[in-house]
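Student: Before we discuss any labels, could you show me the model, so that each term can be set against its definition?

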Amino acid sequence: MIAKSLDVFVVLKLLLQSQPKTYADLAKELGMSASEIHASVRRSANAGLVEPQTKKVLREAFEEYLVHGVRYAFPAMRGSICRGLPTAHAAPPLSEEFGGDDLPPVWPDPEGTVKGYALVPLHNSAAAAARQDARFYELLALVDALRCGRARERAAAIRELKQRLGHAHAD
């Protein structure tokens with residue numbers, strides 16, 4: 001079992017890597033320390049979601065975990081109204097299908113331009129990391145749709161995640 005929400009955050013980033021990166025490179029991209037990345041990969045390997053030597057994501061196991069476990073292990077925590085970066089159904093790729101909320105879920109972010117209700121992200125560096133990598137942002141938003149979405153939003157997120165887990169490749 002993944003023990004920390006940052007483990008989901010790290011495994012989502014690993015999913016997008018075509019070549020293994022060093023812990024230091026991943027730490028820089030994710031806004032955390034190399035030791036945090038190393039410990040996260042170790043926990044994820046112990047959970048059977050990552051191959052320990054190559055850091056390769058075991059896609060079927062990870063998909064099963066996301067679809068059936070993430071909303072129970074890391075339930076969405078709503079906060080007050082704030083400015084931030086849209087997430088869940090208010091962010092791509094689901095925003096075209098479900099957009100239009102008066103108060104969408106957002107990750108609190110001083111650089112954010114959207115007013116909505118705060119949704120605590122999987123990791124406090126989610127907004128900064130998402131601004132640097134659009135594909136990572138989409139994966140994080142899809143996971144948030146699983147965590148906080150209604151049935152239709154969760155179903156759409158599952159469909160998108162399955163497609164991306166089957167065909168995710170780094171540039």
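**Helix packing and burial**

Tutor: The axes of helix α1 (residues 5-15) and helix α8 (residues 134-148) come within 10 Å and cross at roughly 135°. This is a predicted model, in which local features need pLDDT of at least 70 and side-chain atom pairs count only at pLDDT 80 or more, while totals for chains, interfaces and linings use all residues. Residues are numbered from 1 along each chain as its sequence is written, and side-chain values use heavy atoms, with hydrogens and water left out.

Student: Why is α1 called oblique to α8?

Tutor: Angles under 35 degrees count as roughly parallel, over 145 as roughly antiparallel, 65 to 115 as roughly perpendicular and the rest as oblique; the crossing is at roughly 135°, which makes α1 oblique to α8.

Student: Which residues of α1 and α8 meet?

Tutor: With contact meaning heavy atoms within 4.5 Å, V8, F9, L12, K13 and L15 in α1 meet F136, L139, L140 and V143 in α8.

Student: What makes G69 count as buried?

Tutor: Buried means under 20% relative accessible area, exposed over 50%, and partly exposed in between (1.4 Å probe, protein chains only); G69 has 18% relative accessibility, and therefore counts as buried. G69 is found in the loop between α4 (59-68) and α5 (70-73).

Student: How do you know that the buried residues of α2 line one face of the helix?

Tutor: In α2 (residues 23-30), L26, A27 and L30 are buried. Seen down the axis of α2, the buried residues fall within an arc of 100°, so they line one face of the helix, the arc being that of the directions from the helix axis to the C-beta atoms.

Key
Axes are lines fitted to C-alpha atoms, for helices over the stretch in contact, and angles run from 0 to 180 degrees between N-to-C directions. Helices (H or I, at least four residues) and strands (E, at least two) are DSSP runs, numbered from the N terminus.
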